[in-house]
Number of protein chains: 2
Amino acid sequence: MKKYATLKDIAKALKISTATVSRALADRWDVNPVTKKLVLEEAKRQNYRPNPIATRLQNKRSKTIGLVVPEFSSAFFPKVIAGIQKVLDEAGFQLLITQSQESLEIEERNLKLLEGNMVEGILISITREGENAEYYQRLIDSGIPIVFFNRVSAKVEAPKVIIEDYKFAFFATEHLIYNGFKKIYHFEGPVNLSVSKERKRGFIDAMNKHHRQITDKTIVQAGVLMEKGYLAMQKLIANNDLPDAIFCFNDPTAFGALKAIKEAGLKCPDDIALVGFSETEVAQLIEPPLTSIEQPTFEIGETAAKLLLEQLDECSSVPFKTVRLAAKINIRKSSVNLKNNC
Amino acid sequence: MKKYATLKDIAKALKISTATVSRALADRWDVNPVTKKLVLEEAKRQNYRPNPIATRLQNKRSKTIGLVVPEFSSAFFPKVIAGIQKVLDEAGFQLLITQSQESLEIEERNLKLLEGNMVEGILISITREGENAEYYQRLIDSGIPIVFFNRVSAKVEAPKVIIEDYKFAFFATEHLIYNGFKKIYHFEGPVNLSVSKERKRGFIDAMNKHHRQITDKTIVQAGVLMEKGYLAMQKLIANNDLPDAIFCFNDPTAFGALKAIKEAGLKCPDDIALVGFSETEVAQLIEPPLTSIEQPTFEIGETAAKLLLEQLDECSSVPFKTVRLAAKINIRKSSVNLKNNC
DNA sequence: ATTTTAACTGCAAACGATTACAATTGAATA
DNA sequence: TATTCAATTGTAATCGTTTGCAGTTAAAAT
């Protein structure tokens with residue numbers, strides 16, 4: 001069954017050497033046009049397709065780059081991928097995508113898989129569990145450049161693409177403060193991630209600036225998933241420990257919180273206002289529409305891919321830069337203080 | 001820079017042959033434990049990692065399978081992927097994911113990419129543009145089994161995993177009919193896809209069963225994306241051609257329609273009721289919550305992966321089967337006739 | 001003492017392609 | 001006629017592994 005035609009088959013059929021066949025197929029100048037035509041015909045007849053594994057072993061270019069993302073379930077990464085793909089397409093590169101499922105172990109497996117497929121570079125957004133820092137470093141040392149985006153490594157020196165998380169977390173919090181909310185909580189993201197830290201820092205600094213008290217209840221662990229936001233909110237409700245506004249790590253957790261709020265017969269924003277982060281399309285659709293920070297997702301992907309290609313080109317030394325893209329806050333109903341407005 | 005340690009390096013350092021090194025690393029019986037230990041140590045010292053390209057060239061197993069999906073932007077495919085990954089993990093296989101972006105051309109490129117990486121089999125959900133049928137066939141003939149899921153090929157014989165699209169489209173339509181809606185439209189999916197045809201067929205048959213008239217306006221082209229549903233609805237509104245209920249090809253188009261409805265100052269379900277398809281988590285969150293067909297996404301992935309592994313095992317001939325999974329209709333506010341209920 | 005056996009180890013040929021470096025041919029130049 | 005050159009093709013090494021077969025050594029069996 002597995003009947004691949006190889007160079008050798010064509011060579012045999014034509015009674016010439018594989019070298020000539022190879023050259024003919026590569027359309028080189030130093031091969032007789034007649035022979036070339038024969039080879040091309042025979043190749044088509046036999047349905048020849050070069051074996052890229054062999055090619056790759058030979059000349060170490062794969063024209064492929066690898067991607068590791070934690071998950072696809074939110075709309076965020078798919079859009080980033082679209083941006084990446086655009087840039088790579090233009091440069092004639094292909095993309096192999098892997099999903100770490102937020103697991104350190106799977107992430108490492110994926111990196112090995114990509115390395116094994118001889119990708120020329122890797123784009124990665126790390127898991128919430130932490131980082132395979134030693135492995136990233138090893139890859140870089142062995143000549144496979146890495147570009148981090150969104151969730152970046154704190155330990156490894158490499159180009160990084162992030163947004164102004166601190167600043168916009170600060171804005172978002174101030175927005176709640178200016179709207180007259182008194183008791184503002186923060187649903188914190190996974191503690192291992194620098195994004196979480198940045199957003200928390202923005203929250204805290206904004207609170208401090210306006211002399212708001214931060215107790216040990218103010219900051220709640222809530223992770224990245226809708227489910228987690230749901231559970232965290234349920235817990236607050238069960239404990240009868242209700243803030244009047246929450247700045248959530250991201251949109252899915254805000255959605256989860258909203259679900260719990262509704263189920264408890266409470267109203268948003270009347271009882272509890274919400275702000276999300278990482279604009280998703282559905283933020284506008286839900287009731288009430290969710291105030292959220294809109295990230296330039298597509299651009300994040302583009303930028304990361306460009307940085308990687310740069311690394312590939314000047315195989316020597318562009319200094320590692322961290323690109324920080326701007327974001328935008330979309331204010332919607334979920335965070336306007338109705339009592340104030342009356 | 002690119003300083004990979006190879007078998008040869010280890011062999012040289014230890015002044016033995018690469019054959020012995022290879023055997024030592026493969027932990028074979030016929031190598032002196034002392035030598036083995038030396039090799040292992042030296043390998044660690046030099047940070048040796050086998051080059052999988054070379055391995056793959058040698059013994060044609062890659063333990064990798066490839067996946068092609070049209071997009072990730074809806075929650076559907078990510079969940080299917082999770083199911084696939086579970087099964088493959090258990091079987092010790094790895095997954096390379098590619099995205100065709102609904103483009104026939106990119107799909108073919110992706111297939112080539114996967115083939116080039118010597119995947120042992122391919123899972124695919126085809127583009128809305130149609131199929132690369134000849135290429136699928138060629139892959140299968142050349143010994144790379146393919147399993148289709150969700151969006152399957154009509155032309156190629158291969159295992160397929162789908163859900164009871166016809167039946168549930170029928171149910172969904174009947175549900176609208178029983179709820180007393182009079183003028184029911186269908187937002188049709190991409191015409192090239194058999195899923196679209198099945199769902200449309202279900203819609204039509206249900207309408208006919210209940211002697212509802214189907215005019216040339218009843219079925220509206222709306223594609224797969226939220227944007228498309230939005231535009232289609234806007235057009236209906238502009239034409240003042242309003243149904244009182246719409247059975248949408250999928251959830252995103254229903255979301256789009258809802259957005260247009262709200263923007264026009266209309267109410268759902270009072271003015272226009274909606275039913276979606278392919279349950280997404282947010283269906284419950286939006287206002288009104290969306291009635292939708294819930295597909296067993298995770299199970300679709302699992303099933304497809306299992307079918308593929310089966311093909312791989314009995315390298316000969318399991319007959320190609322089409323697995324049809326059941327679904328479930330979740331009735332929510334978006335499709336209940338309020339006038340009726342009073 | 002001779003033969004058998006076991007325990008290692010190395011040689012060399014694969015896998016499928018690419019590419020320096022000849023080698024061959026015939027025509028053009030001196 | 002001798003020399004040079006261009007055009008074309010083949011030989012063989014290479015990429016990093018794996019593996020059948022053969023070779024070496026020493027201990028065990030006869």
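With a relative accessibility of 0%, Cys248(B) counts as buried; here buried means under 20% relative accessible area, exposed over 50% and partly exposed in between, using a 1.4 Å probe and protein chains only. The structure is a predicted model, in which local features need pLDDT of at least 70 and side-chain atom pairs count only at pLDDT 80 or more, while totals for chains, interfaces and linings use all residues. Residues are numbered from 1 along each chain as its sequence is written, chains are lettered from A and ligands numbered from 1 in the order in which they are written, and side-chain values use heavy atoms, with hydrogens and water left out.

A disulfide is a covalent bond between the sulfur atoms of two cysteines. In this analysis it is taken as a pair of cysteine sulfur atoms within 2.5 Å. A search of the whole structure over all chains gives zero disulfides. Cys248(A) is in no disulfide, and the nearest cysteine sulfur, that of Cys268(A), is 9.4 Å away. Cys248(B) is likewise in no disulfide, its nearest cysteine sulfur being that of Cys268(B) at 9.3 Å. Cys248(A) is buried, with a relative accessible area of 0%.

Ser292(B) has a relative accessible area of 0% and sits in strand β10 (residues 291–294) of chain B; helices (H or I, at least four residues) and strands (E, at least two) are DSSP runs numbered from the N terminus. Beyond its neighbours within four places in sequence, Ser292(B) is in contact (heavy atoms within 4.5 Å) with residues including Asp251(B), Gly276(B), Phe277(B) and Lys328(B). A polar atom of the Ser292(B) side chain lies 3.3 Å from the backbone nitrogen of Phe277(B).

Of the atoms of DNA strand D that come within 4 Å of the protein, sugar and phosphate account for 65%. Phosphate oxygens of DNA strand D lie 3.0 Å from a polar backbone atom of Ser17(A), 2.8 Å from a side-chain N or O atom of Thr35(A) and 3.3 Å from a side-chain N or O atom of Arg28(B).

Conventions. Near = heavy atom within 4 Å. Polar contact = N/O pair within 3.5 Å; in protein donor to acceptor, adjacent residues only side chain to side chain.
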